[in-house]
Amino acid sequence: MHLIKQKLAITILVVSMGLISCESTSSSHTQKANSIGIGLQSRVARTPTSGSKTRQFTQTVRATAPRFIPPAPPNFNDPREDPRRAPIAAQPVILTGEQLVNQGGRAKSYSINLGQDKWVSLELWGKAHKGWYGQIRKGDEEFFRLVISGMRFDLRPKRRLITCQGMQIWMGFGPQLIGGSLYVHHLDIKKHLAPLAAGMPNLGKVAVIDAGHGRDNQGTRSTFNREYEKQYTLDWAQRLKPLLEKKGWRVYLTRNGDKSMSLTERVRFADKVRASIFISLHFNAAAARVRGLETYCIAPVGMPSHFTRGNPDPVSSLLPNNPFDERSFQLAARVHNQILLKCRMPDRGVRRIRFMSVIKGQRRPAILVEGGYLSNPSEAHKIDLSTYRQKLAEGIAAAL
Ligand SMILES: [Zn+2]
């Protein structure tokens with residue numbers, strides 16, 4: 001393969017479905033302000049394809065992760081079904097320091113059955129949706145990239161951790177490398193890649209915001225000042241309420257003071273006020289070095305939980321929250337993305353979990369956000385700052 005490089009200085013205005021850099025934006029970055037200009041260095045490369053010469057544009061995008069996940073049309077549940085408003089054919093996206101190794105063309109069949117499981121070719125699924133698929137080398141590492149609906153997904157064989165626009169997502173199964181082409185478990189296509197490509201669904205306008213813990217159930221304790229998690233979660237919820245109300249949401253807090261409330265009472269409360277979404281707010285604890293943001297939603301039927309904390313993980317049982325698998329994940333991914341953009345904290349990913357009582361009984365999209373580690377000295381200090389808790393609230397509001 002020979003490449004003819006012509007350097008073109010092009011500034012492309014990326015509209016709506018395009019790739020958006022968050023480098024130049026901070027507090028003004030919301031879903032509404034999703035069309036901004038970014039400088040792209042474009043190269044024209046010539047790639048021989050079965051005898052003929054095809055022109056390919058390779059964009060080198062200057063941006064830092066995490067980047068904004070653009071909204072796109074809803075109702076895209078069947079992997080074979082085209083998105084309602086089909087995106088323009090994706091162009092290759094090669095970032096600075098990366099090199100294109102292979103443009104695909106190796107997948108022999110759309111899907112392969114291995115034992116009980118169906119695996120879907122990432123290349124052929126992507127092509128069915130006007131995506132671009134290729135193999136990339138960065139340093140001594142190689143991975144596979146799918147660009148679809150204006151977003152780039154990076155995947156590695158046998159690794160459940162993937163990235164979307166540089167943001168971490170934990171899938172249910174590590175992809176399989178079959179004949180040099182990457183195959184993704186059909187549940188990961190249906191429950192992770194397809195919902196993200198489809199964009200944000202209609203989530204209604206009634207939110208229950210759940211400040212974790214309360215009264216005797218004090219939660220974890222700050223290593224910075226020995227304050228309890230329950231106080232910080234309440235403050236976060238109270239900051240979030242007016243921000244959502246300004247955007248037209250009816251907002252109910254599960255507690256508005258230091259009140260005791262069981263997890264099932266919190267679920268019943270959401271039923272009573274007919275909530276269209278449920279967001280539970282928490283802070284985390286682990287070894288002192290662990291820090292960052294985690295966002296949780298229900299594990300789909302057939303998919304193992306990211307972790308179980310010693311709880312049983314009945315993968316085949318249908319929970320009340322399972323009909324909302326996709327919508328919960330779409331909500332989780334966008335909330336996670338927006339908090340990362342606002343707060344600039346380490347990304348510990350969007351994760352699927354089955355045992356969380358406050359989530360699994362919900363009859364609506366439901367997520368749980370862990371807004372940092374009170375066991376980590378620097379994060380415990382940050383969490384004590386009202387400016388940081390305000391940003392956590394703004395991050396969630398920006399996603400809705
Ligand atoms: Zn908690």
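1. Basis. This is a predicted model, in which local features need pLDDT of at least 70 and side-chain atom pairs count only at pLDDT 80 or more, while totals for chains, interfaces and linings use all residues. Residues are numbered from 1 along each chain as its sequence is written.

2. The core. The largest nonpolar core has 87 residues, and Leu122, Ile279, Ile367 and Ile396 touch the most other members. A nonpolar core here is a set of buried Ala, Val, Leu, Ile, Met, Phe, Trp, Tyr and Cys residues joined through C-beta atoms within 7 Å. A residue is buried if 20 or more other C-beta atoms lie within 10 Å of its own, exposed if 12 or fewer, and partly exposed in between, with C-beta atoms placed from the backbone. Helix α5 (residues 325-343) gives the most to this core, with 8 residues. Domain 1 (56-194) and domain 2 (206-399) both contribute residues, so the core lies between them; the domain bounds come from an automatic or database domain assignment.

3. Ile367. Apart from its neighbours within four places in sequence, Ile367 is in contact with Ile279, Thr295, Tyr296, Cys297, Ser328, Leu331, Ala332 and Val335. Contact means that the C-beta atoms of two residues, placed from the backbone, lie within 7 Å.

4. Helix α5. Helices (H or I, at least four residues) and strands (E, at least two) are DSSP runs, numbered from the N terminus. Of the 19 residues of α5, 18 are buried, so the helix is largely enclosed by the rest of the structure. At 1.5 Å a residue, α5 should span 27 Å, and its end C-alpha atoms are 27 Å apart, which agrees. The expected span is 1.5 Å times one less than the number of residues in the helix. Just after α5, Arg344 takes a positive phi of about 55°.

5. Arginines in loops. Arg274 is not a glycine, yet has a positive phi of about 55°. Arg274 sits in the loop between α4 (263-272) and β16 (277-284), and counts as partly exposed because it has 13 C-beta neighbours inside 10 Å. Arg309 also is not a glycine and has a positive phi, near 45°. Arg309 is in the loop between β17 (293-298) and α5, and its 9 C-beta neighbours inside 10 Å make it exposed.

6. Asp216. Where is Asp216 placed? Asp216 belongs to the loop between β14 (206-211) and α3 (229-246). With 8 C-beta neighbours inside 10 Å, Asp216 counts as exposed. The C-alpha atoms of Asp216 and Ser260 are separated by 6.8 Å, although these residues are 44 residues apart along the chain.
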